[in-house]
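Here is a briefing on one protein chain. Keep the sequence and the 3D view side by side as you read.

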Amino acid sequence: MSGLTVTDLHAQHGKASVLTGLDLTVGGGELAAVLGPSGCGKSTLLRIVAGFHAAASGTVAVGGRVLDDGRSRVRAEQRRIGYVPQDGALFPHLTAAGNIGFGLPRAERKARVAELLELVGLGGLGDRHPHQLSGGQQQRVALARALAPRPDLLLLDEPFSALDAQLRIELRAEVAAALRSAGATAVLVTHDVDEALAFADVVAVMRDGRITQADAPDTLFHRPVDTHVARALGEANLLAATFADGEARTALGTLPLTEPQTPSGSGTVLLRPRQLRLGDEGVHATVTAVHFRGHDHRVELDLVADGGRRERLVAYTDTAPPGPGSSVGVTVVGAAHALTPAGEAAARPEAETATVPERTVAEAH
Ligand SMILES: Nc1ncnc2c1ncn2[C@@H]1O[C@H](COP(=O)(O)OP(=O)(O)OP(=O)(O)O)[C@@H](O)[C@H]1O
């Protein structure tokens, strides 16, 4: 199994800089997701790794073999990299089996195609043409075709984006399972946070042409390096705080910190909406809005802190909360995560971090 190492990668489209010093490491056999908004350069990154676009500088290596160093490049067809585009791009005149077997040596073709059809859950459908398959089935064929020549690395460019919500959820789990059983190293790019968290061992958050943080999904969600990553992973309560002795003083009281070694000073803490419990206990806040979402309620709250400062909060509750205008007690479950000015500066060395982060609830993705 081969890992991917991208170092200080810079890339341009014409005069526009798209990647500006991107680093990414994916271990052999690991599934990684690169998460970022539309237009941030995710496809450009994949296209450079695949060999369809040239790096301006930096290096791309797979299994220790340098494929592009900004000066010389290994040709795309010699890279042993599979690529699954958004729309699958199957050959319409070939059957599913014909698509998967295309380019394979004749001697092993039949057995390998049968094996792959099983792997992606399409046993028995090899004789169908793409127009006789559903969108999800077509994407499975595209995946099987990319895996067929046993690539060192598989690249998936938002391969589920054309599918409806339920199918996306099912297919991404199946694809992740198929890739794990094939022992593949894979990089998925997506703007869908649920997809990234559900699919990958390592999620890399992209911003301004670089990776801001790459970590296990749970670490990214609960211990982001800065407010941008905190918001990129889902709704975030970001409260003003002062830190001392491993605790944070906030408008919701004094809270333990995820990292007790946090230096004394002031900054912001992150609390996820599920960390807020509503009831009779705790600091009282005013309910400003309640949205019923089927599986839970999303509750917006207004809290007036010492000195008259307002904190807007969001909580997710299983039971129906009191309606807008009511007063409700808020208690915190678990530890708060400190986002210190020093931590923010380290995550974004060239960004301006002197500004106080907005203390509002992040927009839902
Ligand atoms: N061939 C091209 N010529 C000029 N500019 C391009 C080209 N391809 C992409 N760009 C620009 O480069 C930037 C990054 O594009 P890219 O497709 O890599 O983003 P992305 O994150 O994959 O977006 P999406 O999620 O919408 O696919 C965008 O501003 C885009 O307009």
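Where is the place of Asp245? Asp245 sits in the loop between β11 (237-244) and β12 (247-250). Helices (H or I, at least four residues) and strands (E, at least two) are DSSP runs, numbered from the N terminus. This is a predicted model: local features need pLDDT of at least 70, side-chain atom pairs count only at pLDDT 80 or more, and totals for chains, interfaces and linings use all residues. Residues are numbered from 1 along each chain as its sequence is written.

**Loop residues**

- Asp245 has a positive phi of about 55 degrees, although it is not a glycine.
- Most residues other than glycine have a negative phi.
- Asp245 is exposed, because 9 other C-beta atoms lie within 10 Å.
- The cut-offs are these: a residue is buried if 20 or more other C-beta atoms lie within 10 Å of its own, exposed if 12 or fewer, and partly exposed in between, with C-beta atoms placed from the backbone.
- Arg80 lies in the loop between β5 and β6 (81-84).
- Arg80 is a residue other than glycine, and its phi is positive, near 60 degrees.
- Arg80 counts as partly exposed because it has 16 C-beta neighbours inside 10 Å.
- Gly325 lies in the loop between β18 (310-317) and β19 (327-332).
- Gly325 counts as exposed because it has 8 C-beta neighbours inside 10 Å.
- Gly325 and Ala305 are 20 residues apart in sequence. In space they are 17 Å apart, C-alpha to C-alpha.

**Two domains**

- The domain assignment gives domain 1 (4-218) and domain 2 (224-347). Such bounds come from an automatic or database domain assignment.
- The C-alpha centres of domain 1 and domain 2 lie 37 Å apart.
- The contact takes 6 residues from domain 1 and 9 residues from domain 2. Two residues are in contact if their C-beta atoms, placed from the backbone, lie within 7 Å.
- On the side of domain 1 that touches domain 2, the elements giving two or more residues are β9 (202-207) and β10 (210-215).
- The residues on that side of domain 1 divide into 3 nonpolar, 2 polar and 1 charged.
- For these classes, Ala, Val, Leu, Ile, Met, Phe, Trp, Tyr, Cys and Pro count as nonpolar, Asp, Glu, Lys and Arg as charged, and the others, Gly among them, as polar.

**Around the ligand**

- The residues around the ligand include His13, Lys42 and His191. A residue is near a molecule if its C-beta atom, placed from the backbone, lies within 6 Å of it.
- Helix α1 (residues 42-50) gives the most to this shell, with 3 residues.
- The shell divides into 2 nonpolar, 9 polar and 1 charged.

- β9 is mostly covered: 6 of its 6 residues are buried.
- Val202, Ala204 and Met206 are buried on one side of β9, and Val203, Val205 and Arg207 are buried on the other.
- Strand β3 (residues 31-35) runs parallel to β9, and 4 bridges join them. Two strands pair if DSSP finds at least two bridges between them.
- Ala32 has Val202 in β9 as its bridge partner.
- β9 and β10 run antiparallel, joined by 5 bridges.
- Ala204 has Ala214 in β10 as its bridge partner.
- The hairpin of β9 and β10 has 2 residues between the strands, and Asp208 there takes a positive phi near 50 degrees.

**Two open sheets**

- Strand β4 (residues 57-62) pairs with β5 in the antiparallel sense over 3 bridges.
- Across this pair, Ala61 stands opposite Val66 in β5.
- The other open sheet has 5 strands in the order β15-β19-β16-β17-β18, and the pairing is antiparallel.
- β15 (276-279) and β18 stand at the edges with a single partner strand each, so one side of each is left without a neighbour in the sheet.
- Strand β17 (residues 297-304) and β18 pair in the antiparallel sense over 8 bridges.
- Leu301 has Leu313 in β18 as its bridge partner.
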